[in-house]
Amino acid sequence: MGVRRLDFGLYGSRHGRDFDAGRICEVSMPGAAVGEIISVPWMPHELLEDQSSAVDAMAEAVDALSGVSAVGLGSLLAVVGSRGEALASRVDVPITTGAAATSWAAIENTLQVLDWTGEKSVALLGFSGTVGETVAAGLKRAGVEVTATGRGRALARRAEEMGVGFTSIQEGVSSHKVVVGAGTTGSVVEPQWMQTNSVLVDVALPSSLKKGERPTGLLILAGEAMDLPKGWRRGFWGRIYHLLAGYGPHQIYACLAEPMVMAAHGIDEPFAQGRKLSLEKVDVFSEAAQDLGLEARLASGWKSVEKKHFAHIQGGVG
Amino acid sequence: MIHPPHPRDPAIFGVVQDAFAEALGLDLDEVEYESKIIEDLGAESLDLLDIVFRLERAFDIKIPRGGIESAARDGLEEGEAYEVNGVLTALGIEKLAEAMPEVPRAEFREGLKVAEVPLLFRVATFCRLVCHLIESKGRQSA
């Protein structure tokens, strides 16, 4: 289980460029799993412009590790190279992208919001993407009335097949008090489309909301947040990294936990890889995560939110 | 004389069709030459990345980001503007239409935004792009 130390300077120059992976910090859930956060220090445009070399770099990083039982991909590394599939074909260790954990946290957090507000329906952004589609399916299964938003015949057909509503982003957002932003394209919602005293469960980056004056009483929540696992160790640099990465002192993004959960339970089947993600995979993650005491966390920025923060939304008029 | 590849050539379209089907989780027969990739096939931005990656590997080519827009901009003379504040100029629309002959001219409407250009993309757009890059690569090798 777990990832062991690796040293700087292990990597040579390839493809005419210096490549160096960096060990950011060790993270661990005592008695469960130990991990390391590794950086592949390429700029986003470099990753996007040369995905093949990006996959080469990731494969080098994975090959240099020993004794690991799972590798998780974060940020753009979870996107390039067919969302982990190209890397998985090159290495012998399971590769998982974090989409199952993100979907799980988003579903749990949204259900909590609905419970505390008394609302029964949501508008969902990002239905065309992996997490968005999975979150829609998960909420529908839980009895939520879901209206997917987007455009195009293909999405409309997909929504109909799933048994959820479908409308434009503007129409969906303006007619629901609870909006789930699970899209991969940010800045798709004009603030004035949101109702007053409404909630935006914004899942991961980029932010769904455009810049602008926000309606009164709008509560924006980090949809993919998880409570910092009990006993989670991260060292000094880990704390710095957590803060700089926007996690805040008391929470992490759920996707970070995905490889840790795999390692802790000895699961060698990735939770998420490629475009498709089934609810069954999310369920497996959910059970495994909760077995380790992991919980989704409703947070606005770094602060956790409680039922009292939704008082102005319950039964309010938009 | 070696003839340049044709976008509808099964060796081209078949591979492009397969890339779209694999990336989007669709059946092959759902991916048609004229299919609009967003409207008809439901592709989103991350899917385009995946499709580009698959095509680059399949054809051993390099697809530059914004390649189609670049082709349109390359057709402009110095001082001519392709867009102003994110909205294509009349000249920009004209050049884009030239770069995308597979798209009906009526879809290049006045006021078209740069961000809306991907909505015009067809599977045929990628077939043409692949052919262009294969041909360019062949010329460079010659």
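Reader: How many residues of chain A are in contact with chain B, and how many of chain B with chain A?

Author: In this predicted model, 20 residues of chain A are in contact with 17 residues of chain B. On the chain A side, the elements that give two or more residues are α1 (44-49), α2 (51-64), α3 (80-83) and α7 (153-162).

Reader: How do the residues on the side of chain A that touches chain B divide by type?

Author: There are 5 nonpolar, 9 polar and 6 charged residues on that side of chain A. The size of an interface is often given as the accessible area lost when the parts come together. Here the description rests on residue contacts, 20 residues of chain A against 17 of chain B.

Reader: Let us turn to chain A itself. What does its radius of gyration say?

Author: The radius of gyration of chain A is 20 Å, and the globule rule gives 20 Å for 318 residues, so chain A is as compact as a globular protein of that length. Its C-alpha atoms fill a box of roughly 60 × 40 × 35 Å along the principal axes. Chain A has 11 helices and 14 strands, and 50% of its 318 residues count as buried. Of the contacts in chain A between residues at least 6 apart in sequence, 65% join residues at least 24 apart.

Reader: Into which domains is chain A divided?

Author: Domain 1 comprises 1-96 + 227-295, and domain 2 comprises 100-223 + 300-310. Taken over C-alpha atoms, the centres of these two domains of chain A are separated by 27 Å.

Reader: Which elements of domain 1 of chain A supply at least two residues to the side that touches domain 2?

Author: They are α10 (257-265) and α11 (279-291) of chain A. The most comes from α11(A), with 6 residues. In total, 17 residues of domain 1 of chain A are in contact with 13 residues of domain 2. The domain 1 side divides into 12 nonpolar, 2 polar and 3 charged residues.

Reader: Is A:W104 buried or exposed?

Author: A:W104 has 32, so it counts as buried. This residue lies in helix α5 of chain A. Leaving aside neighbours within four places in sequence, A:W104 is in contact with A:A254, A:V282, A:F285, A:S286 and A:A289. A:W104 and A:A289 are 185 residues apart in sequence, but 9.8 Å apart in space, C-alpha to C-alpha.

Reader: Which residues touch the most other members of the largest nonpolar core?

Author: Of its 136 residues, these are A:L124, A:V180, A:A257, B:V16 and B:V130. Helix α5 (residues 99-117) of chain A gives the most to this core, with 9 residues. Domain 1 and domain 2 of chain A each contribute at least three residues to the core. Not counting residues up to four places away in sequence, A:V180 touches A:A106, A:T110, A:V122, A:L124, A:L125, A:V135, A:V201, A:V203 and A:G223.

Reader: Which residues are buried in helix α3 of chain B?

Author: An α-helix has 3.6 residues a turn, so residues three or four places apart point the same way. In helix α3 (residues 67-74) of chain B, the buried residues are B:I68, B:E69 and B:A72. Seen down the axis of α3(B), they fall within an arc of 100°, so they line one face of the helix.

Reader: What do the buried residues of α3(B) pack against?

Author: They pack against α4 (90-99) and α5 (123-141) of chain B.

Key:
Residues numbered from 1 in each chain as written. Chains lettered and ligands numbered in written order. Predicted model: local features only at pLDDT ≥ 70, side-chain atom pairs only at ≥ 80, totals over all residues. Contact = placed C-beta atoms within 7 Å. Helix = DSSP H or I, 4+ residues; strand = E, 2+ residues; numbered from the N terminus. Nonpolar A, V, L, I, M, F, W, Y, C, P; charged D, E, K, R; others polar. Core = buried A, V, L, I, M, F, W, Y, C linked by C-beta atoms within 7 Å. Buried ≥ 20, exposed ≤ 12 C-beta atoms within 10 Å, placed from the backbone. Domains from an automatic or database assignment. Arc of directions from axis to C-beta. Rg over C-alpha atoms; globule rule 2.2 N^0.38 Å.
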